Amino acid sequence: MRLSTCRLHLEIKMKCVQPKNQCLRESQETLSALLEAIAEDFARLSAVAPSPVDIEEHVKRLHSVKRRVAVTNNTLQTVQRAMQTPDISHLTAADYDRVYEPAEDSFLLLDALEADLERLRARRPRLALEVGSGSGVVITALAAALPECLCLATDLSEAACRATWRTAHRNGVTVLPVRCDLTAALRPRLAGQLDVVLFNPPYVVTSTEEVCASGGLAASWAGGERGREVTDRLLPQLPELLAPDGLFYLVAIRENDVDDLGAVMAGLGFDMCRVMSRRAGPEHLSVLRFERRAESGGTGPPEGGDVPQRP
Ligand SMILES: C[S@@+](CC[C@H](N)C(=O)[O-])C[C@H]1O[C@@H](n2cnc3c(N)ncnc32)[C@H](O)[C@@H]1O
């Protein structure tokens, strides 16, 4: 069984567990409140009347049980907060003739976003964009995890835009797909507004001709020289597009020269961090996160480039 299929099975099982988890959390909270009330009653009793038994000892035990209940509840909360892999069972083999089928790279990006969820939530993102959304599996997961964030998507392929729309709808979230090259339809209107940008680009090393000539599904993977030709067109757009504390997540393979990606982005005023790496067959995949360098004051690239400040 493929890794992606195993993961989907696991997610479906998780979906069944989630409501039980929620009930369990509620009963743990009730239990915690009861323990607190009993401990208070004991404390009050021992203050008003001398007791034949050592009430202090019982109060200590109650507090220790309450601490354990709190730890269990935290664990349950973490499980509940984990990012769900969206249901993509509506997409058929015919769809995958024209749209990139979620694969190890898509799932690594999902895992990296899940690992970064607290960081993402702490920034209270309001606007996110996935460039090249394909089936929509990644941006739909982000939309579900960040309900207050408006999620946009772009893709060169009309079939991919439709698939993204359907995946979002299927999973009860809103994602707005736009068919365009990279971010062409959104600039300059969204300058400085994007809190999160995601890109799982066509990263496979091919000839330049293959990138230019690639229509259809080949546009999903044909990356040209060093597998960088599409990615390298997006990078210079990020200083303009990202909000001052915006985050950019990029999938890359070893052949894309991760150090050089870091150097290019450093020149644009961004620091790079490798969030997660995984080997998938012959590919050494990484998810890289970029954010503006602290000394650039969160206001943009070091030289020139006015980045509008949000109110
Ligand atoms: C590797 S697939 C990733 C799909 C999806 N994000 C995922 O992770 O499963 C790359 C996607 O980028 C799209 N794409 C390629 N070149 C593009 C461009 N210049 N502008 C917009 N989308 C592009 C492809 O059509 C494809 O859907």
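Reply:

Helix H6 (residues 137-145) is largely enclosed by the rest of the structure, because 7 of its 9 residues are buried. Buried means that 20 or more other C-beta atoms lie within 10 Å of the residue's own; exposed means 12 or fewer, partly exposed is in between, and C-beta atoms are placed from the backbone. Helices (H or I, at least four residues) and strands (E, at least two) are DSSP runs, numbered from the N terminus.

Residues are numbered from 1 along each chain as its sequence is written. The model is predicted: local features need pLDDT of at least 70, side-chain atom pairs count only at pLDDT 80 or more, and totals for chains, interfaces and linings use all residues.

Now the helix itself. The buried residues of H6 are Val137, Val138, Ile139, Thr140, Ala141, Leu142 and Ala143. They pack against helices H4 (104-115) and H7 (158-170). They also pack against strands E1 (127-131), E2 (150-155), E3 (175-179) and E4 (194-199). Contact here means C-beta atoms, placed from the backbone, within 7 Å.

Next, the strands. E1 and E2 pair in the parallel sense, over 5 bridges. Strands pair if DSSP finds at least two bridges between them. Leucine 129 has leucine 152 in E2 as its bridge partner. The chain crosses from E1 through H6 to E2, and this β-α-β crossover is right-handed. Right-handed means that, with the strands pointing away from the viewer, the path from the first strand over the helix to the second runs clockwise.

E2 is itself mostly covered, with 5 of its 6 residues buried. E2 and E3 run parallel and are joined by 5 bridges. Here alanine 153 stands opposite proline 177 in E3. From E2 the chain crosses through H7 to E3, again as a right-handed β-α-β crossover.

Last, the ligand. H6 supplies at least two residues of the shell around the ligand, and so do H4 and E2. In total, 23 residues surround the ligand. The closest are Tyr100, Ser106, Gly132, Gly134 and Asn200. The shell holds 12 nonpolar, 9 polar and 2 charged residues. Ala, Val, Leu, Ile, Met, Phe, Trp, Tyr, Cys and Pro count as nonpolar, Asp, Glu, Lys and Arg as charged, and the others, Gly among them, as polar.

Conventions
Two residues are in contact if their C-beta atoms, placed from the backbone, lie within 7 Å. A residue is near a molecule or strand if its C-beta atom, placed from the backbone, lies within 6 Å of it.
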